[in-house]
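Have a look at it first, then read on.

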Amino acid sequence: MKRIIAPLAGALITLSLAPFHYWPLAIVAMAALAWCLDDCSAKEGFLRGWLFGSASFLAGVSWIYVAMYVYGNTSALLSALMTILFCLGLGLVTGLFAYVYSRWLRDGKGGRLLGFTAAWVIFEWFRGWFLTGFPWLYLGYSQLETPLSGWAPVVGVYGLSFVVALSGAAVSHLLTTKHRTSRWLPIAGCIALFGLGASLQTIEWTQATQHPPLRIGAVQSNITQEKKWAYSHYWDTLELYDVTSEQLWPQVDVVIWPEAAIPALYRNAETFFDYIRERAAASNTALITGVPTKQGDDIYNSAMVINGGEGLYHKQRLVPFGEYVPLGSLLRGLIGFFDLPMSSFSRGDADQRPLSAKGWQFAPSICYEIVYPNLVARGARDADVLFTISNDAWFGDSIGPAQHMQMAQMRALENGRELIRVTSTGITAIVDHRGHITTRIPSFTHTTMTGEVNARSGRTPFNYAQSTPIIALCFALALTALRRRPQQGS
């Protein structure tokens, strides 16, 4: 019975996130998982945890199939098989969580509540950096629009995951414990955390500066992925950005183009960029764009200030199999997906400065990087505003872009900075310092967005300490619950 409930509960996590936003289901899912692991051996716990995690990823990252089949030159059968194998592999992390919890933490001091919660967050954190990381489907993102979001500038998305997991464990405790005097205490504690989160929402951790708002213009090209890197469409792409930007030059202070807007190395398109620089300079407008660059033998996925400032940023966190191929000497040539255009990027340095445009400091994140809380927090320290550029055409018409947008909103909230997001097909939007979208344009349309952003000074507690305090707390709680001797038969 519990082997059936575990995967069903795992799939609920997807429904708690964008674009569905049924946030209570995240707590329901964790309550079901805690109940499934309440009385099993460690080996059985691993199986149930693996079923839970695999179902969660199969439901939540189905857009990987779209990237492989629609745009990766891979057959439908092979795309489905590789997507399933990827999700089953990710499920092993959840299985390992369940094994550790069932074997060593569950029956320790506070194990069924704090041990369960701490172990879950530790393994979310582990998944965010192991083998470059896959920090997708974190529980905390489900709470972006709830009172619990007040905690985000203090403890970040991992802290929100902590409260969600604790709430689920508390519900399971309420339903299974026989001690009447203690069964309601964990629920009361979680309600108090939600209430305190609502109070924290009233605090302004950062302050608006005296600078007048900056007028932003963004170009959403809506160029499909199959056309983007086709040379037959190259000149049409140049004309599209040229013509579309003409209506923005006189209206705004800064124009932003999306990731790899021009499908060529900067050095190969330099004549075009010289022309565009003149067009921008004629109206005293700054231009920032994504463009591949080459230095020596290294090719980078970069963001560059073309006019009205200075700066060149190289992407640090690359997408496995999308921007680099692990074991490339063995895998390249096997299927088309391993030989996509621009899938051999080099990694940028970790100590890069923000971009400067119109005297403002822009903290850049390129596509996948926006999902890394600590990476964005480090870049935000010296920035007036955050901005991220992406090519979400890879997601197609799936739930991927909405999930990606939700994570970008969380970065704005964590750091108390406004955020500009520009993509080729959507979602293109401006987010305020509380994580709320203030300006947005329709996806899958060729159009422009105009809006204003405000510079903010000061730093949130999360920006100072990043994820270190909450992860340290989880390790401390796990050590407290650690059982010195495993149960017989585990």
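The points below cover a sheet, a helix pair and some aromatic rings.

1. Ground rules. This is a predicted model, in which local features need pLDDT of at least 70 and side-chain atom pairs count only at pLDDT 80 or more, while totals for chains, interfaces and linings use all residues. Residues are numbered from 1 along each chain as its sequence is written, and side-chain values use heavy atoms, with hydrogens and water left out.

2. Seven strands make an open sheet with mixed pairing, in the order 6-8-9-10-11-12-13. Strands here are DSSP E runs of at least two residues, helices are H or I runs of at least four, and both are numbered from the N terminus; two strands pair if DSSP finds at least two bridges between them. Strand 6 (309-310) and strand 13 sit at the edges with a single partner strand each, so one side of each has no neighbour in the sheet.

3. What covers it. Helix 15 (residues 400-415) packs on the sheet and touches strand 10 (385-390), strand 11 (419-423), strand 12 and strand 13; contact means heavy atoms within 4.5 Å. The direction of helix 15 makes about 160° with that of strand 11. Axes are lines fitted to C-alpha atoms, for helices over the stretch in contact, and angles run from 0 to 180 degrees between N-to-C directions.

4. Two strand pairs to check. Strand 8 (residues 355-357) and strand 9 (residues 360-366) run antiparallel, joined by three bridges, and S356 has Q361 as its bridge partner in strand 9. Strand 12 (residues 429-431) and strand 13 (residues 437-440) also pair in the antiparallel sense, over three bridges, with I430 opposite T439. Five residues lie between the strands of that hairpin, where G435 takes a positive phi near 85°.

5. The helix pair. Helix 7 (residues 152-176) and helix 9 (residues 185-200) have axes that come within 8 Å and cross at roughly 150°. That makes helix 7 roughly antiparallel to helix 9 (angles over 145 degrees count as such). Residues meeting here include V163, L166 and V171 from helix 7, and I187, L193 and F194 from helix 9. The contact residues divide into twelve nonpolar, two polar and no charged (Ala, Val, Leu, Ile, Met, Phe, Trp, Tyr, Cys and Pro count as nonpolar, Asp, Glu, Lys and Arg as charged, the others, Gly among them, as polar).

6. Rings. I'd look at Y65 and Y69, a stacked aromatic pair at 5.5 Å centre to centre with 25° between the planes. Rings of Phe, Tyr and Trp (its six-membered ring) pair if their centres lie within 6.5 Å, and planes under 30 degrees apart count as stacked. Y65 and Y69 are four residues apart in helix 4 (residues 63-69), which means a separation of about one helical turn.

Conventions
Parallel < 35°, antiparallel > 145°, perpendicular 65-115°, else oblique. Phe/Tyr/Trp six-rings, centres within 6.5 Å; stacked < 30°, edge-to-face > 60°.
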